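Take a moment with the sequence and the 3D view.

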Amino acid sequence: MKASSFTSSSRATFATRVLLLLVIVIFLDHVGGSALESLYFSQISGLEYRTRYAMEEADADLMIFGSSRANHHYVPSLLEEKTGMSVYNCGRDDEDIVYGYAVLSVMLKHHTPRYIILDLTPEDVLTSTGRPSYPRSLRPYYGRHPEIKDLITLNNKQETIKMYSRLYRFNSLLLTILKYNVVHEPDDKGYTPRYGEIDTGDLEQDRDSDLNKQDFRVDPLKEQVLHAFIRKALQNRIRVVLIASPIYRQDFRNDWSDQVVGRIAARYRLVFWDDTCMSGFTGNPRLFYDRTHLNDRGAHRYTQLIANRINASFLSSN
Amino acid sequence: MAFNSLQFMFFLPILVAGYYLTPPRYRWLLLLTASYLFYMSWKAEYVVLLFFSTLINYLVGLRMGSIAQDKRKKYLVLALIFNVGLLFGFKYVSFFNETIRQVLQHLNIFYAAPEIRLLIPVGISFYTFQTISYLIEVYRGSQEPEHHFGYFALFVSFFPQIISGPIARPSQLIPQLKSQPSFSYERMASGLQLMALGYFKKLVIADRLAMYVNAVYDNPVHHSGPTLVVATVFFAFQLYADFSGYTDIAMGTARILGYELIQNFRRPFFSRSIQEFWNRWHISLSTWLRDYLYTPLSLTFREWGTRGIIASIILTFTLAGLWHGARFTFVLFGLVHGIGLSFDALTAKSRKKLAKRVPAGVFNVTSMLLTFAYVCFAFIFFRANTVGDAFLITRKILTVNEPASFYIGDISVLLFSLAGIAALLFIEVRREYNLKMLPLFASRYIVVRYFCYAWVIVLILLLGVLDEGQFIYFQF
């Protein structure tokens, strides 16, 4: 490699070319980002579509919030049939209360539901390592809703800088966006069923119980967001029901639900249905897809039960 | 401050600008300050250890250089004890303590020593080896001791390579650090291109592959033999893309500043034997092991003949495995390679004869595939979380159970993983056989070339895993 002499023209050449590269990158980022944004918001089904729909279009009387357990445990069509209310399931896999708060914040700009079921898991209140500080699924909404922007940039100066890239907002979503602009995968108003039964043989070999070995420390930020979620709902006169739905393991330690959620429910005088170790569900392999998720059969049975409770607790008194 | 962090994106341009604006004779001070700041960004307290280690080795080097060679041995021995002791103390004492406890517990003997948990200082495995190399070369007389403390400290702490190598040789790096290189457009461009390639390998290829590998290897009991085979092959490429990506970034960074680091990888998956593999994989470590461990051992055991060579190989690579981490899985990783190298040594002549009888193409391709398979087998131990998992994975791979299901998981992860491997092989094949890279990258029109470079950045933004995950070799 022949070295140029140490001259100002050499540095000027370098600076000019770096500038040229930056201009091209910014141009491609802007054009590519705009194209992806357009495609993202024109998806016709899939996980990302359901998030957008929940935030910007859903107008049901009863909204279900939570993570994968919310998404796979509550059947809207069955709830509608049994309660007479319109229902939409906003639950999303691998998300926690921060995501739920974001969805609610945007949703309230166009619609106020009458009821919210908030299905809580340990991840909603406890410290969990290896998870991002905010839901990545919210990135595409950064430039679209100020509430989302504030949530992402909260305690996240680095993300603020990264968000200047429009392409970054759609990081890891390319295939999904392309697929769901073409493919239509029906869902039951947000609910996605799980089929199959848990393999109890594997459970015996399974040394790693992520529920029992959970580092039982409350995450102050998540707890803060949980309080904010409930307050926001109550301020908008939404009736909130907290639920901890069934899990398979019989030896699950449910201290988190007693100590944390129970305390919050008492503070705001909310109904809290702690069904984590529920007779008829827990330990029944026919109703579970895996240790923490009901299968479709289990979801229907559980939804029926919830519908009965809603009718008895709320609707009969209205 | 990892290479793939946002802080580094700001740190480097500011440093480079300052570097070339600083009068050449003071640049060592700027680089040394930057290197220490870089190191402190991990854990500030350990910079004291780095400084202390640097000072001791500097003084020992000066002392050895000022006396006759036959009187240097005791200083070398003391310094080696110091350096190895540091490494042992921080990295291995809890491992050996726990191992002793478990053995004695098994024998129903009470062991009262408390559990020891020390945070391993970042880069200690690398900079310790680097200083040991310096001391041995000074002892042998092949390296003059460095009198300028600043340059020596910079040699030890040079930020592009302190965390995960390449392990530099004093004769290669110290003269460069003193050379005061001038600004070179070609070097800047070449360095940036190398960095871009490194980031692409790490963020787009390695971290995507990691998603599939982690899902399988963190739960091997739930996965079938075919799934474990695929995950193991994926891991081989993941580790290569991760580590060679890191090295590319390190080399690119150093090149921008005017320095050339040792090449650390040379298309290792084209190797036709385990010996060739170690001539192409982590070259700075394998040559270090050859020069400072294997050669002295084989001289010590020379009277044992072939058995002496085998013993030297096995011992060297078992220790090499242990160098990677204080776990039995790494020891077994090293041992497997030691066995492979021993096989190479014992069968070298017969393989040579076989090569003459079989068509070259057939022999080479078969040798590459068998070597790759063996390397992947060794990587099972490298990646598995426990020894039990490693043996379980091996057993599942080798036994055929009907029906064997295949784990797909998120299809996009699988597709991206395959695409990543294809991209990596595309680059590697072109380099191995000296083929031209993509014509567009060599276009005579500057805008076309720069559009290509920009596309690499676009792909990183769109497909890269940008949550600042660690490089694998950071943990060593």
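**A walk through the model**

Start with helix α9 of chain B, which is mostly covered: 26 of its 33 residues are buried. Buried means under 20% relative accessible area, exposed means over 50%, and partly exposed lies in between (1.4 Å probe, protein chains only). Helices (H or I, at least four residues) and strands (E, at least two) are DSSP runs, numbered from the N terminus.

This is a predicted model, where local features need pLDDT of at least 70, side-chain atom pairs count only at pLDDT 80 or more, and totals for chains, interfaces and linings use all residues. Residues are numbered from 1 along each chain as its sequence is written, chains are lettered from A and ligands numbered from 1 in the order in which they are written, and side-chain values use heavy atoms, with hydrogens and water left out.

Helix α9 of chain B covers residues 185-217. From first C-alpha to last it reaches 45 Å, close to the 48 Å expected at 1.5 Å a residue. That expected span is 1.5 Å times one less than the number of residues. The helix bends by about 30° at B:Ala206. The bend is the angle between axes fitted to the seven residues ending there and the seven starting there.

Now step back to the whole of chain B. It holds 18 helices and zero strands. Buried residues make up 55% of its 476 residues. Its C-alpha trace spans about 70 × 70 × 55 Å along the principal axes.

Next, look for charged pairs. A salt bridge is a side-chain nitrogen of Lys or Arg within 4 Å of a carboxyl oxygen of Asp or Glu. The whole structure has 32 of them over all chains. One joins B:Asp242 and B:Lys202 (2.9 Å, N to O). This pair links distant parts of the chain: B:Asp242 sits in helix α10 (residues 225-256) of chain B and B:Lys202 in helix α9 of chain B, 40 residues apart. Both B:Asp242 and B:Lys202 are buried.

Another salt bridge joins B:Glu260 and B:Arg255 (2.9 Å, N to O). Are these two residues buried or partly exposed? B:Glu260 has 28% relative accessibility, so it counts as partly exposed. B:Arg255 is buried because its relative accessible area is 13%.

Finish in chain A. There, A:Arg144 and A:Glu56 meet in a salt bridge (2.8 Å, N to O). A:Arg144 lies in the loop between β3 (115-119) and α6 (146-153) of chain A, while A:Glu56 lies in helix α2 (residues 47-56) of chain A, 88 residues apart.
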